[in-house]
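Open the structure in your viewer and keep the selection tool at hand. The stops below say what to select next and what is there.

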Amino acid sequence: QVQLVESGGGLVQAGGSLRLSCVASGTVFGVNLMSWYRQAPGKQRELVAYITPEGSTDYTDSMRSRFTISRDNAKNTVYLQMNNLKPEDTAVYYCNADIQPTIGPRFLNYWGQGTQVTVSA
């Protein structure tokens, strides 16, 4: 039973910072790509950033200069450091990962339950 659990969301004023965490637990034999998405009310879910097991990253342009994604492969954990937050960053942030749940060639995609980030002006 594989689970992705996000944490670190909360309330912050514009210009502040938050660090989100997401840990993969359960029968995890391997983790490939890990990523963060976000979804604001009434809007489509959008990619924030992704990171490969080797540490290669990419970001959506509007977040590139302010957000940093990282991971700890030994802990099966991905992080999102968010600096200089703006009210338009308010959204539910979701963790996503391709996970090998057993020994073998099969990888499955998993979503976390989301963590709320609210930025006040």
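Begin by selecting Asp 58, which is partly exposed at 30% relative accessibility; the term covers values between buried (under 20% relative accessible area) and exposed (over 50%), with a 1.4 Å probe and protein chains only. Before moving on, note that this is a predicted model, in which local features need pLDDT of at least 70 and side-chain atom pairs count only at pLDDT 80 or more, while totals for chains, interfaces and linings use all residues. Residues are numbered from 1 along each chain as its sequence is written, and side-chain values use heavy atoms, with hydrogens and water left out.

**Stop one: salt bridges**

The term stands for a side-chain nitrogen of Lys or Arg within 4 Å of a carboxyl oxygen of Asp or Glu. Arg 64 is also partly exposed, at 40% relative accessibility. How many salt bridges does the structure hold? There are five.

Now select Asp 89 and Arg 66. They form another salt bridge, and the closest N and O atoms are 2.7 Å apart. This pair links distant parts of the chain: Asp 89 is in the loop between strand S8 (77-82) and S9, Arg 66 is in the loop between strand S6 (57-59) and strand S7 (67-72), and 23 residues separate them. Strands here are DSSP runs (E, at least two residues), numbered from the N terminus. Are Asp 89 and Arg 66 buried or exposed? Both are buried.

Salt bridges that share partners join Arg 38, Glu 46, Arg 66 and Asp 89 into one network. Glu 46 is partly exposed, with a relative accessible area of 31%, whereas Arg 38 is buried, at 8%.

**Stop two: the disulfide**

Select Cys 22 and Cys 95. A disulfide joins them, with 2.1 Å from S to S; the cut-off for such a pair of cysteine sulfur atoms is within 2.5 Å. By this rule the count is one disulfide. Which parts of the chain does the pair link? Cys 22 is in strand S3 (residues 18-25) and Cys 95 in strand S9 (residues 91-100), distant parts of the chain 73 residues apart. The torsion about the S-S bond is about -80 degrees, so the disulfide is left-handed. Both cysteines, Cys 22 and Cys 95, are buried.

**Stop three: aromatic rings**

Select Tyr 94 and Trp 111. Their rings form an aromatic pair that is edge-to-face, 6.4 Å centre to centre and with 85 degrees between the planes. Rings of Phe, Tyr and Trp (its six-membered ring) pair if their centres lie within 6.5 Å; planes under 30 degrees apart count as stacked, over 60 as edge-to-face and the rest as tilted. Tyr 94 lies in strand S9 and Trp 111 in strand S10 (residues 108-111), so the pair ties together parts that are 17 residues apart in sequence. Tyr 94 is buried, with a relative accessible area of 14%, and Trp 111 is partly exposed, at 39%.

Last, select Arg 45. Its charged end sits over the ring of Tyr 94, 3.7 Å from the centre; for this, NZ of Lys or CZ of Arg must be within 6 Å of the ring centre and within 35 degrees of the ring normal. Arg 45 also lies over the face of Trp 111, at 4.7 Å from the ring centre.

Notes
Helix = DSSP H or I, 4+ residues; strand = E, 2+ residues; numbered from the N terminus.
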